[in-house]
Amino acid sequence: MRKPRRALAAAAIALVLPLSACGSGDEGSGSTDASGKVEGDITFQTWNLQTNFKSYFEGVIADFEKKYPDTHVKWIDQPAEGYADKISADAAGGTLPDVVNVSPDLVAPLAKAGLALDLDKAASKYKKEYLEGAWASHQIPGMTGTYAFPWYLNTGPLFYNKSLFEEAGLDASKPPTTYDELFSDALELADKSDGKVATLANVPTVEDFGRYGVELMNKEGTAFSFNDAKGIELLTKYKELYDAKALDSQALTATPESSGKKFLTGAVAMNPGSALDLENFKKQAPNLYKNIGITDQITSTGKVNMYVMGVMVNSQTKHTPAAVAFAHFVTDAQNQMSFAKQVAIFPSTAGSLDDPYFTKEDGTDVTRVRVAAAKSLKNAVNYTPVLFSDQMKTELRNEVAKALQGKESPKEALDNAVEACNKLLEQQG
């Protein structure tokens, strides 16, 4: 029940589903003072956005240079594959761009290394322009400060196949709205179809534990804690689904793409998505599109999950006023709104989600999804801990698989996952 961060990037990037770079990276004294004259040459790095949005970014850069004639912005776009490795190499080599497109988990090691400018110090006057949850998304547990401007957000509903619900004798007009209802309906669907129809196609991720109400980390950000009673309860429920074939048999190795295909072919009854997916259903699975149901993300906290991208300023830039001004310019309300109308993402700026584009329905499903998602984003949170690395995600996934296969109890699996993740956390320093 998730769409991972890299899939979010891919959404805005490849329109399949959903920034950064400081000047030269010369050795030198970076400054937290952004109050001086906005001037100088800076470098701006994005994450695989040039192919589809070249003219948009060229326009943003031209507008900025017109506003600040003594600046010049060099735009670099890096491919999606290996982006984190590229940032790490640039950070180590002193060649990190002045303004960099990042996600929260990418900014964390840079902030710890002192390479991400603390915007609470350098740009606090802009904080009120952004949604509270979005601004907080680039804060690092155990550190004070905020280390990137929030940029675009994404979230989405749950899609469900009405015909599969009806065939199982369930009321398709009343999809599950709580976890208890979800698990109950899933078992019913599996039973009535003799195990041929699963309800979910993915194993639980750290984000799912967060949505279930599990405390993922201690308050200090020094240790993970998703092996508490509530975490064990969720994994135990998933084990029941897996045994009953209510969780797809290939869930242990599923990707967002493979899960999407399962939903398209009617092998899975529910799948998360976004407004972008509706057009895909219409073209690739017209019968599914006719029977598509749309409902809210299921959460025990009352807050849906959001995915967020950010724009970080290199603390070592020689042109702090220009770098901060440009990072703010890219993420201001006007430019975010313009970007959101080109691709199915949402602005992180306060008030933008009240625009008629995000509040007025026109009878189409695409607009319905956009309006519902925008409303839910106002108090959404990014459940994936900033310090939860890809290695940690792998550790959790491996232990979850052992629990579902009966090789370990849910408690043993989560205890082992937490132990492994805490060791990796210690290594982060």
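Colleague: How many salt bridges does a search of the whole structure find?
Modeller: The search finds 15, a salt bridge being a side-chain nitrogen of Lys or Arg within 4 Å of a carboxyl oxygen of Asp or Glu. This is a predicted model, where local features need pLDDT of at least 70, side-chain atom pairs count only at pLDDT 80 or more, and totals for chains, interfaces and linings use all residues. Residues are numbered from 1 along each chain as its sequence is written, and side-chain values use heavy atoms, with hydrogens and water left out.

Colleague: What does the side chain of Glu207 meet in a salt bridge?
Modeller: Arg211, at 3.2 Å, N to O.

Colleague: Are Glu207 and Arg211 buried or exposed?
Modeller: Both are buried, meaning under 20% relative accessible area, where exposed is over 50% and partly exposed is in between (1.4 Å probe, protein chains only).

Colleague: And which residue pairs with Lys411?
Modeller: Asp415, with 2.8 Å from N to O. Lys411 is partly exposed at 46% relative accessible area, and Asp415 is partly exposed too, at 24%.

Colleague: Which residues do salt bridges that share partners join into one network?
Modeller: Lys37, Glu39 and Asp70. Within that group, the side chains of Asp70 and Lys37 meet at 2.8 Å, N to O. Lys37 is exposed at 53%, whereas Asp70 is partly exposed at 43%.
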